[in-house]
Structure formats: structure tokens, C-alpha cells
Amino acid sequence: MTNKEKELASLYEKMEAQIAVLYAPDKKRLVRGDGSAQSSIVLIGEAPGEQEALEGRPFVGKAGRVLDEFLQLSGIARSSLYITNTVKVRPTAISRAGRTINRAPNAEELALFAPWLKKELSIIKPKLIVTLGNVALRAISEQKSAVIGKFHGEFTLVPAGFRVYPIYHPAAVIYNRSLREVYESDLKKLNEFIKTNDI
């Protein structure tokens with residue numbers, strides 16, 4: 001186990017201890033980051049969904065399958081990335097039909113996990129962060145009004161000093177098929193950047 005892996009394991013153990021206390025009645029499961037701790041690229045999503053919470057890994061549900069498809073099309077190996085989420089427990093609500101469904105993270109959840117995400121990134125020290133959707137973009141850029149439609153497909157530096165490349169969340173492609181070409185184009189541009197800059 002490398003030093004980075006040891007540091008991440010220790011960080012997740014601390015997070016799990018806090019989650020166990022805060023979410024004791026709900027028994028929420030912490031979904032750890034997945035991939036190589038040595039990776040120079042980190043993908044950051046919004047929060048786990050049902051399947052992610054069950055398996056304990058990010059992007060293994062429908063959105064994960066879309067992400068895998070586009071990564072394959074663009075020539076980027078998922079195994080070469082580190083993938084995590086802004087919020088690391090599944091945010092849920094009860095539907096009118098009485099079912100447990102996903103919802104967007106609220107301000108309290110975002111504030112709770114923000115310091116943890118910063119520590120996670122400080123351990124990995126990526127050369128590039130790819131944010132997936134508005135939630136991750138706002139968390140990393142510290143711009144609460146940032147909109148993915150304005151920033152996607154453009155490289156930028158954020159206050160923490162990281163180079164960031166925002167793209168749409170893969171779930172957006174599920175609900176809006178017209179974004180497919182945009183998403184594919186953004187990932188191809190990302191792949192070209194990775195190759196050109198030897199990342």
C-alpha cells in the first residue's frame with residue numbers, strides 16, 4: 001500500500017466514523033472514491049445514487065454506464081482515473097408514492113463534505129480535475145452561481161490552484177439526449193489535452 005493509499009484509507013475511516021454518528025437512524029453508507037490514488041486525473045461527481053450506495057462505489061448505476069460508454073468512445077481508460085463525489089452519501093427523499101428516491105444534495109450536506117473533499121484532493125494532488133455537472137463545478141470553483149452550460153469544455157484554474165475541466169454530468173445525457181454530441185466532443189477534447197500534456 002502506497003503512502004497516498006494509506007492516507008486515503010485513514011481519511012475514509014474518519015469520514016465513516018462521522019457518518020455513522022450523524023446518520024445513525026438512516027444507516028447511510030459512505031461511498032469512497034474509486035480508482036488509482038496515483039492518478040493525475042480526478043473525476044468528481046455530485047453524490048451517490050441507489051446503486052452506488054448499495055455497492056459502495058461511485059458511478060456504477062445508469063449514469064456510470066453512460067460515463068463508461070463515453071470514456072471508451074473518447075479513448076480514456078476508467079482504470080487510469082480516480083473517481084469520487086462531492087457528497088459521499090446518497091441524498092434521498094420520499095416520493096408521493098412513498099418510495100425512496102434520489103435528490104440533489106442540500107446546503108447542509110455540501111457544507112459537511114466540502115472539507116473532506118479538499119483533504120481527499122490534497123492527498124491525491126491531481127494535475128487535472130474533471131467536474132461532472134453543476135454541484136461538483138460549484139464545489140471546486142467556489143462559485144455558487146456557476147452553471148455547467150457556461151463552463152463546460154473549457155479549462156480553468158480554481159482558487160485552490162487546481163486546473164479544472166467541467167463537463168456535463170452523465171445523468172444529464174440520460175434525460176436530455178441532445179447533449180450527447182456535446183458530451184462526446186468535450187471528452188474528445190479532454191483526451192487530446194491529456195495526450196498533448198502527457199498527463
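Which residue of S3 does Ile-44 stand opposite? The legends below take up this point and others in a predicted model, in which local features need pLDDT of at least 70 and side-chain atom pairs count only at pLDDT 80 or more, while totals for chains, interfaces and linings use all residues. Residues are numbered from 1 along each chain as its sequence is written, and side-chain values use heavy atoms, with hydrogens and water left out.

**View 1. Strand S2 and its partners.** Ile-44 stands opposite Thr-84 in S3, and strand S3 (residues 82-85) runs parallel to S2, joined to it by 4 bridges. S2 also pairs in the parallel sense with strand S6 (residues 128-132) over 4 bridges, where Val-42 stands opposite Ile-129. Strands are DSSP runs of E with at least two residues, and helices are runs of H or I with at least four, both numbered from the N terminus; two strands pair if DSSP finds at least two bridges between them.

**View 2. The setting of S2.** Because 5 of the 5 residues of strand S2 (residues 41-45) are buried, S2 is largely enclosed by the rest of the structure. Buried means under 20% relative accessible area, exposed over 50%, and partly exposed in between (1.4 Å probe, protein chains only). Ile-41, Leu-43 and Gly-45 point one way, and Val-42 and Ile-44 the other way.

**View 3. A charge over a ring.** Lys-119 lies over the face of Trp-116, at 4.9 Å from the ring centre; a charge sits over a ring if NZ of Lys or CZ of Arg is within 6 Å of the ring centre and within 35 degrees of the ring normal.
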